[in-house]
Amino acid sequence: MVSSGSSGGSGRRAGTAAAHIVWDWNGTLFHDIDAVVAANNAAFAEIGLPPITLEQYRELFCVPVRLFYQRLMGRVPSEGEWAAMDGAFHRHYTQQRAACALTEGAGALLADWQAAGRSQSLLSMYGHEELVPLVRGFGIESRFVRVDGLRGPTGGSKAEHMVRHLAALGGTGGPPPRTVVIGDAVDDAVAARAAGARAVLYTGGSHSRESLAAAGVPVVDSLAEAVALAEAAVTCD
């Protein structure tokens, strides 16, 4: 797995409880939900599907993404339809993302967590070769001890990637203790559970609050709340 990052956030002050946050990117640190919906609608139009609203997207979205398309179409998409929609989505998303920014307050939260001597990393299902320049462009790459995007075909579950990500962080000593995953999708909670970590889910991205609540983990409306819960979780052990 190719990674990018620095050791800037890996230090820990004496007496500070061990803590590590694994951040999701799309819909969590990167506020791109409007671009995602617009790109999906552009992709749908190319195969004759009607557009959907943000609310509909949040109610229907799931992983693997093929299942999301199946929900929309009422049937399993053919290989040709899947390839067409997947390719069209990424093409339109690349155009739309230029207008997107970090989620409000994200930069300060990353800086404060690092300044407190705690570590954090970034794990995304977005393509690694596109992810790293985006993170670098926002000037936050040094906040993370590791940045991992997806290498290989899109689709599938985040769980296996999370397990590898935490194993790589821990080296021979195992994954970081008291790890909390902060993301915007049920799949983030599933991935955290698979890796033996906690999760906090944020409502500003791809899922409705009701959908997130079904994951059985804390659900919050801001990243500040998510970080506060992560800190409480790691300091109360």
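I shall begin with the model itself, then turn to helix packing and end with the cysteines.

This is a predicted model, in which local features need pLDDT of at least 70 and side-chain atom pairs count only at pLDDT 80 or more, while totals for chains, interfaces and linings use all residues. Residues are numbered from 1 along each chain as its sequence is written, and side-chain values use heavy atoms, leaving out hydrogens and water.

Two packed helices are described by the angle between their axes and the distance between the axes. Helices here are DSSP runs (H or I, at least four residues), numbered from the N terminus. Axes are lines fitted to C-alpha atoms, for helices over the stretch in contact, with angles from 0 to 180 degrees between N-to-C directions.

How do H1 and H4 pack, and at what angle? Helix H1 (residues 33–46) and helix H4 (residues 79–96) have axes 8 Å apart, at an angle of about 140°. H1 is therefore oblique to H4 (under 35 degrees is roughly parallel, over 145 roughly antiparallel, 65 to 115 roughly perpendicular, and the rest oblique). In H1, residues including Ala35 and Phe44 meet residues of H4, among them Met85 and Tyr93; contact means heavy atoms within 4.5 Å.

Helix H3 (residues 65–73) also comes within 11 Å of H4, axis to axis, crossing at roughly 110°. That makes H3 roughly perpendicular to H4.

Finally, Cys62 is buried, at 10% relative accessible area, and Cys100 is buried at 14%; buried means under 20%, exposed over 50%, and partly exposed in between, with a 1.4 Å probe and protein chains only. Counting cysteine sulfur pairs within 2.5 Å as disulfides, the total is zero.

Note on methods: Helix = DSSP H or I, 4+ residues; strand = E, 2+ residues; numbered from the N terminus.
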